[in-house]
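I opened this notebook to record what I looked up in one structure. The entries are kept in the order in which I made them.

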Amino acid sequence: YNQLWALPQNFGSLTALTLLELLSNNIQELPLSFGNLTALTAAVLNYNAIGALPQTIGNLKKLTYLEV
């Protein structure tokens, strides 16, 4: 449990990132730059306070596993 509240806007600059595990935090929203993580294949974001995913999530063509 990291108690993260937000991700920085430049988070999307991690374009080589393939796995993201940020479960059990207090994240309420993902930055629009999240859609720039084009190498991302799996994202585990459950047990946060995310109310909606950004529209840019459609850019993640390699994403095959998502937990929110």
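The entries below go from the basis of the model to the sheet, the surface and single residues.

**Basis.** I noted that this is a predicted model, in which local features need pLDDT of at least 70 and side-chain atom pairs count only at pLDDT 80 or more, while totals for chains, interfaces and linings use all residues. Residues are numbered from 1 along each chain as its sequence is written, and side-chain values use heavy atoms, with hydrogens and water left out.

**Sheet.** I looked up the strands, which are DSSP runs of E of at least two residues, numbered from the N terminus. I found an open sheet of 3 strands in the order E1-E2-E3, with parallel pairing. Strand E1 (19-21) and strand E3 (65-67) each have a single partner strand and stand at the edges, so one side of each has no neighbour in the sheet. From one strand to the next, the twist averages 5°; axes are lines fitted to C-alpha atoms, and angles run from 0 to 180 degrees between N-to-C directions.

I then asked how many bridges join E1 to E2. There are 3 bridges between E1 and strand E2 (residues 42-44), and the two run parallel. Two strands count as paired if DSSP finds at least two bridges between them. Opposite Glu21, I found Val44 in E2.

**Surface patch.** I looked for nonpolar residues at the surface. Leu53, Leu66 and Val68 form such a patch, with about 230 Å² of accessible area together. Patch members have over 30% relative accessible area and no salt bridge, and nonpolar side chains (Val, Leu, Ile, Met, Phe, Trp, Tyr) are joined within 5 Å. A salt bridge is a side-chain nitrogen of Lys or Arg within 4 Å of a carboxyl oxygen of Asp or Glu. The areas come from the Shrake-Rupley method with a 1.4 Å probe, and for residues only the protein chains shown count as cover. Leu53 is in the loop between E2 and E3 and is partly exposed, at 34% relative accessible area. I use buried for under 20%, exposed for over 50% and partly exposed for values in between (1.4 Å probe, protein chains only).

Is Leu45 buried or exposed? With a relative accessible area of 1%, Leu45 is buried; its place is the loop between E2 and E3. Contact means heavy atoms within 4.5 Å. Leaving aside residues up to four places away in sequence, Leu45 touches several residues, among them Leu20, Phe34, Ile50 and Leu66. Its C-alpha atom is 12 Å from that of Trp5, 40 residues apart along the chain.

Leu63 also lies in the loop between E2 and E3. Beyond residues up to four places away in sequence, Leu63 touches Leu40, Thr41, Ala42, Ala43 and Ile57. Between the C-alpha atoms of Leu63 and Ala52, 11 residues apart along the chain, I noted 17 Å.

**Positive phi.** Ser24, in the loop between E1 and E2, has phi near 60°, a positive value in a residue other than glycine. Ser24 is buried, at 14%. For Tyr47, phi is likewise near 60°. Tyr47 sits in the loop between E2 and E3 and is exposed, at 61%.

**Asn36.** My last entry concerns Asn36, in the loop between E1 and E2. Asn36 is partly exposed, with a relative accessible area of 40%. Which residues does Asn36 touch, not counting residues up to four places away in sequence? Asn36 touches Gly12 and Thr15. Thr15 is 21 residues from Asn36 in sequence and 6.4 Å from it in space, C-alpha to C-alpha.

Conventions
Helices (H or I, at least four residues) and strands (E, at least two) are DSSP runs, numbered from the N terminus. Patches are made of residues with over 30% relative accessible area and no salt bridge: like charges are joined within 9 Å, nonpolar side chains (Val, Leu, Ile, Met, Phe, Trp, Tyr) within 5 Å.
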